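Dear colleague,

I am handing over the structure below for you to look at, and after it I set out what was found. Please read the notes with the model open beside you.

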Amino acid sequence: MKALVESAGFLTSVQDSGRTGFRESGVSLGGALDSHALRVANALVGNKDNAAGLEATFGKLRLRFEDQRLVAWCGGASTARINDEDLPPGHAGLVTKDDELLMIAPSAGSHAWLAISGGIDVPVVLGSRSTDLRGNFGGLQGRALRDGDVISLGNSDLKIEASWKDRRISEWSAPAPWASTADADQVLRIVRGSHWESFATGAQSSLVTDSFAVTPDSDRMGARLEGPRLDFVEPGDLLSEAVAPGTVQVPPNGKPILLLGDCQTIGGYPKIAHVITVDLPIAAQLWPGDAVRFREVSLAEAQNLLREREEDFARFRVGLSLHFS
Amino acid sequence: MRIEPLGDSALLLRVVEEFHPEQSLDAVLRAARRIELAAIPGVIELAPAYTTIGVFFDPARIVDYDELKTSIERALQRNLEPARPRAGEESIIDVPVCYEAEFAPDLAEVARHANLPEEEIVARHAAGTYRVTCVGFTPGFPYLSGLPAELATPRRANPRKEIPAGAVAIGGTQTGIYPRKSPGGWHIIGRTPLQLFDVERESPALFSAGDHVRFRKISRDEFERLAQ
């Protein structure tokens, strides 16, 4: 079964939880910039964590459905509607044949992730359904969606008819901080990077006290930041080494780059810090003009926060299963 | 050897301090092989490059960071067979390159910088044996060591917005090949008809870290024939 893309919006692509196993060949992780948001949306519609959904950048996405499906979305402060009815973030909604789902540009944040029961059925390329927009492979023909595209949906084994009754929008929902991740006060927690000690003390304190602005040449590879210049004490050539989404690297111009999901696999710029995994959802919402600040935490704290989130998510899944039985 | 955190879901193994295209790279590739063979639960993938290996793990499965470090250290100490590097120790990959003017917009600048005739740049570039030190930047891009010192040319002050697929280029002391159309700041001195990265192939990237590479000068006609 299929869905018709009546309007593809500014930039919408098929994404799952990312592509692993080919990093040593230079293939980025990719996937949803906020794979947690997609995972939460997937859980709400009864999909597996890594089912492919749609990443909509800055709205305006309009889909028409051919059959009955559950849909859910998480992300920036968008507005979504099934026909004329609001579908709030972190809720599941029922669509039936000829229903229209509309997502409008967010008032805060930049991205939203939409899950559809059954998932988006595109071929698996190098172990993932994600679109690699730079490499032009995966997803729908290796490209962003266009107006008029038809996307295939996988089979869903949900017994919607039995459990859903006359309900249109679920009364239950995901925890608010997971459903709506655009935060007016964007503070990203960091741990120190390999080259922290090689930065001037002024740069170290600037990073955790000053505010940085996201510049317009930011994209899915990274958010480029403008602020006080972060000076390096020991310049000199570094050999390229592994980087990851969340790495904050500083080129010789002193302007930090916060790497995101589509970042290159290796880099030769000094790494001053890494945004912790539980804060990548906030990083994924950054948009040119936004201001962002950083706060240092210990590695142990970062890993504890992540473990807590994973435990919360496991409980969330168990709770949801009651609504699907 | 040092192990450092790389954020909260990866770590960086500094295998050796100084880079050498043969000995130190072999040590890195051997270490990567040993970690792979140890199949440590929760380790997702490795990213070897020059003197380091990025080890990416699932933090939901690896609860104790120090325990992971210990597992890695133990894996490195085990004297497993094969203790050979993973890739291309004996094999040499032959890369046909057409160095004709149409494909070599920066050959003149490299020649000027080296103070050598253009033909000499081509002859020396094609005479060398190179080694893939890592694959990255874009999928399938091989960074090659072994460039004759006199051919080293600093990167362009203004990177090009678009470099064609197959462009063979010099950047600093390294040479490399652009797998697909992309921006880049290296000096382009030729083009290969080979497909460096193809998701349809069983092994999508033509090169792996550790492979040895030789360039072979071909004519424009041969380029066209091979490109078919």
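Domain bounds, which the following paragraph relies on, come from an automatic or database domain assignment. This is a predicted model, in which local features need pLDDT of at least 70 and side-chain atom pairs count only at pLDDT 80 or more, while totals for chains, interfaces and linings use all residues. Residues are numbered from 1 along each chain as its sequence is written, and chains are lettered from A and ligands numbered from 1 in the order in which they are written.

Chain B is divided into domain 1 (2–77) and domain 2 (92–227), and their centres, taken over C-alpha atoms, are separated by 30 Å. Where the two touch, domain 1 of chain B contributes six residues and domain 2 of chain B eight, a contact being two residues whose C-beta atoms, placed from the backbone, lie within 7 Å. On the side of domain 1 of chain B that touches domain 2 of chain B, the elements giving two or more residues are helix H1 (23–38) and strand E3 (43–49) of chain B; helices (H or I, at least four residues) and strands (E, at least two) are DSSP runs, numbered from the N terminus.

As for the two chains, 33 residues of chain A are in contact with 36 residues of chain B. On the chain A side, strand E15 (241–242) and helix H6 (299–321) of chain A each give two or more residues, and H6(A) gives the most, with six.

Finally, the C-alpha trace of chain B spans about 55 × 35 × 35 Å along its principal axes.

Best wishes
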